[in-house]
Amino acid sequence: MAGPSGNTTQRLIRELKEYHKTPNESLLHLGPVDEEDLLHWEAVLKGVNGTPYEGGLWHLRIAIPPNYPLAPPTIHFTTKISHPNISFTNGEICLTLLTTEHWSPVYTLSTTLTAIQQLLTDPQPDSPLNVDVAALLRDGDLAAWESVVRYWTAEERWKGGQ
Amino acid sequence: MGDAQVIHANATSKYSVLKRFPRICLHIDSFDFYLHVGRRFKSDTKPKNKVDFRRASEEPPGRLHLPFPTPPPTIRAQVLSSDVWRRNRTSTPGKFATSFTTPPTTRKRTAAEAAIDNEPLPAAQGHRTATSHRSRKTDSAPTATSDTTERPGSASSVSRKKGFLGTPASTTASMDSDDDFMSDVSSDGFLGTQGSDNESLGEDFGDLDTGFSDDKDLIRDKRKPYEVEFKVLDPPDIDQEQNTQVDEVCAVLGLPPESAAILLRFGRWNKEKLIESYMDHPEETLEDAGLGTDFEGYAKTEVVPGFMCDICCEEGDDLETYAMRCGHRFCVDCYRHYLGQKIKEEGEAARIQCPGNGCTRIVDSKSMDLLVTKDLNERYCELLTRTYVDDKENLKWCPAPNCKYAIDCGVRTRDLRRVVPTVRCFCKHEFCFGCTLADHQPTPCTLVKMWLQKCEDDSETANWISANTKECPRCNSTIEKNGGCNHMTCRKCKHEFCWMCMGLWSEHGTSWYNCNRYEEKSGSDARSAQAKSRSFLERYLHYYNRYANHEQSAKLDKDLYLKTEKKMTSLQSQSGLSWIEVQFLDTASQALQQCRQTLKWTYAFAFYLARNNLTEIFEDNQKDLEMAVESLSEMFEKPVSELAGLKVDILDKTAYCNKRRVILLSDTAENLKNGKISPVV
C-alpha cells in the first residue's frame, strides 16, 4: 500500500472530528502538521498533576503508516523528557501498545496518547530506554528521580504556541 | 543369549565367519537361537527327524503326528488325541515349553518332512539334515525355495519341494505313503492363519528354512548402526498428521475441530498434557488458549442495524459485519484487512487475536474460511503447518533451499551425545537431524559445534603465540625472535638470555651462537612449558590440516563432478561407450564426495578422542578409507582417454570406498552408542 487507502483517510478524518467534538483531557493539541498530509500528525501532551511531570508540556511527532489502523502509528517525543521508557536523545517510546504485535486497530491516536500519558505516571524501570533515570528508580532513590524529572520537565517545557 | 560354550565345533567356525561380516553379525541373536536348535538336534540321543511344533488350537485333533518332544519312532504313525499332544507339549523342559507356531510354509514343509520320516530313514541321515540346515543358514544361502530343494534324499526332496510350492494335487499324488497327511496340509486353510503366525516367527523353532528366509529379510531391511530411523514428510502428510491429532482431541474433549486445533497449538501439540490440563481446569485452559467457554452458534456474517465499525468508523444499515464469540463486531472489510495484515505482513497464523481492544480470543480456522480469500487462506494453512513442525520435537524442516519437505525422526536431544542422526531428504540433501548442519558422520553434534567454533574463532591465536614466541624469563614479556643470533636482550627489562636454552646469557661464556648448555636448570623449566603448548598446537594442526584438506579436496572433487558430465560425453564419443555405460563416473564421483565428507569429520572427531585401543581401530579404519579414497580420486583425475580402460578398477574402488565408509561409520556408531568411545571435551 503506497498512499493512504480510502479507509485510512476516512478513519483519520473521523478521528480528527471526534477529537474536536470531545477533546482529550491529557492533550493540548492534536492534529495533522499539514492539512494536505494526513499521515503526519503532531500532538502536545500535558503532564499529570500530582506527579513529577506536573505542569510539563511535550511536543510529539506522529507518523501514520498507510495501512493504519491495521498497523500502529510511530510516535516520538520531540521535546526532551526524562523518563525510564523514553529515550532522552531521540524521544523514542518503549510501549508494548505501539508494537505491531500488541496493537489493536480499535485504538485511536487519541487513546494511544492517553496511554502514553499513563506511561508517564507509571514508568517501567525494568525495560528501560533511559538507563540513567531507570537506575535511580530501581535503586529506590525517589527523591533523586523526582528532582531530575522536575528539572527536565521545567527546563525543556514546550514553549511553542505561547 | 550369548552362550558360546554350547556351540559345537562346526557352528563355532561359522560363528567366526559371521563375525567378519557385520551385516550378518547384526543378527547374531537370531543366529544364536539357531545354534540352539542345532544343538537340540545334536544333543538328542537319537536322530529325531523333524520336530513339529504346533499350536493346539489350530490342530484338527487327531489328524497330525506330533512326535514332540522325543516320541519313539512307533508313535510317529500313531494318531494322537489333542490331550496327549498337550500333555507332551507341557512336559517339554526349559524354553521349549513355550508356545510355538508354525507359518504355513512350515506346515507344508513339516508335513513333507513327516512324509520323509515315514520312509525308512537312516539315523545318520536325520542327523545330517540338521547339520546341513545349520551350515546353510550361516552361509546365507540365496533363497528359501532353493534351500528346501537341496536336501539329502533325492526322491523325498522332489516331493517336498512340491509340497512346499503348494501344489496340492501333485503333492498328494507323489505321496504314496501318507495321503491322509498331505491332504490335511493342502486343504485345511492354513493361509488364513498366516497373520498370527508371522507375528510369532521369532519363536518358531519348528522350521529352520522359513525362519531363515525371514531372517534374511530382516538383514536386508535392518539399518546399519550409524543410521537412524526417519521419515520424510510431504506438506500434505503433515496436514494429515495434524488433522488426525485434532480429530483425536475432538473426540476426547467433545470440542469443535477448529477449537481443538487452537487448543492443541496452545499446548504445543502435547496432547496428553493438554487433555490432562483440560480435565483438571477446563475453563482456565480454554481461557489461556484464547477460547471462550461458549461454543454455541456458528460463524456467519450479519447485518446489524445502527452499527458503526470501530476500525473504519463506517456506519450503515447494510454493512456486513462479523464477530467471533467474544462479540467484538467489526465490518467484514476491516476484519478481512486485519487478517490480511496479520497473515501477509506479519506472518502470524496460530495466534491471531480478535482485533477488539484487549481481547485475547484467537481467530479460528472457521472464521478464516469465511472471511479471507483463497490464496490468503492457503498462506494461513502454510503458516500453521510451519508452526506445527516448529513446535514438534520430532519434526524438522529440511534446511536445503526451497525444499518443502520435513523430516520426522525420533532421536531426542539428550541422545545426541551418542547418536549422530543423519537423515536424507527427498531433495537428496543429507543433514544431521540434531543440528541441521550438513551430514557430519561420525562426529556427534556437540563436538562439531566445538570444532567449528575452534576453527573459526581466534582461539588458536593464543596457541600460535605460545608456540612461536617465548617469554622473557625475567619480565614475562612475549618475545618473537625476528632473526639474528641467540643472544636475546629484552627490550623492556634489558634482561639478557639465550633463545635456545632460555638460560642467562652471562652463563654462556664464550660459546655464543652455539648453545650447548642444554642441561642447565635455568633453561629447562622454561623449555618444558614451551614444549607443552607447542605439542598442543601441533596436535590441533595435525587434525585441522587433514580436516581442511578433505574439505578442500571435496570442493575440488565437486568441481570435477561438474566436469564429469562433459567427461562422460567425450568418453562416449571417444570410446564408443553408451551413456549408461559411462555412469560409473557419476557413481564414483558421488562416492568420493560422500567419503570425503565422512573423512573430514573423522579428523574433527579424532581430535577429541582419548587414546585407547578403540581409537587405534578407529584410526585404522580411517586410514583404510583414506587410502581408498585417495586412490579413487587419483584414478578419477586420469585423462579421458584412459578412463574407459579403468572402468572396472574405478567400479571396484568405488565399491570398496563405500564399503570402507560403511565399516568405519558402523564401528564408530556402535562404540559411541555403547559408550566405549567417549570424546574428551
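## Chain A: contacts and fold

Among contacts in chain A between residues at least 6 apart in sequence, 54% join residues at least 24 apart. The model is predicted. Chain A has 162 residues, and 33% of them are buried.

Chain A holds 4 helices and 4 strands. Along the sequence the pattern reads α-β-β-β-β-α-α-α.

## The annotated cysteine

Where does C94(A) sit in chain A? C94(A) lies in a loop, with β4 (74–77) on one side and α2 (109–121) on the other. An unreviewed UniProt entry annotates C94(A) as "active site".

A buried residue would need 20 or more. Leaving out residues up to four places away in sequence, C94(A) touches N85(A), S127(A) and L129(A).

## Where the chains meet

Chain A and chain B are in contact. On the chain B side 12 residues take part, and on the chain A side 13. The chain B side divides into 6 nonpolar, 4 polar and 2 charged residues.

## Helices α24 and α25 of chain B

Helix α24(B) spans residues 583–607. Its axis and that of α25(B) come within 10 Å and cross at roughly 145°. The crossing of α24(B) and α25(B) is left-handed.

From α24(B), the contact draws on A588(B), S589(B), L592(B), C595(B), R596(B), L599(B), T602(B) and A606(B). From α25(B), it draws on E619(B), Q622(B), L625(B), E626(B), V629(B), L632(B), S633(B) and F636(B). By class, the residues of this contact divide into 9 nonpolar, 4 polar and 3 charged.

## Helices α25 and α27 of chain B

Helix α25(B) also pairs with α27(B). Helix α25(B) covers residues 613–636, and α27(B) covers residues 647–673. Their axes come within 9 Å and cross at roughly 160°. Angles over 145 count as roughly antiparallel, so α25(B) is roughly antiparallel to α27(B).

What is the handedness of the crossing of α25(B) and α27(B)? The crossing is left-handed. The residues of the contact of α25(B) with α27(B) comprise 13 nonpolar, 6 polar and 6 charged.

Key. Residues are numbered from 1 along each chain as its sequence is written. Chains are lettered from A and ligands numbered from 1 in the order in which they are written. This is a predicted model: local features need pLDDT of at least 70, side-chain atom pairs count only at pLDDT 80 or more; totals for chains, interfaces and linings use all residues. Helices (H or I, at least four residues) and strands (E, at least two) are DSSP runs, numbered from the N terminus. A residue is buried if 20 or more other C-beta atoms lie within 10 Å of its own, exposed if 12 or fewer, and partly exposed in between; C-beta atoms are placed from the backbone. Two residues are in contact if their C-beta atoms, placed from the backbone, lie within 7 Å. Axes are lines fitted to C-alpha atoms, for helices over the stretch in contact, and angles run from 0 to 180 degrees between N-to-C directions. Angles under 35 degrees count as roughly parallel, over 145 as roughly antiparallel, 65 to 115 as roughly perpendicular and the rest as oblique. A crossing is left-handed if the near helix is turned anticlockwise from the far one by less than a right angle, and right-handed if clockwise. Ala, Val, Leu, Ile, Met, Phe, Trp, Tyr, Cys and Pro count as nonpolar, Asp, Glu, Lys and Arg as charged, and the others, Gly among them, as polar. UniProt positions are given in the numbering used here, feature names are shortened, and annotations may be inferred rather than shown by experiment.
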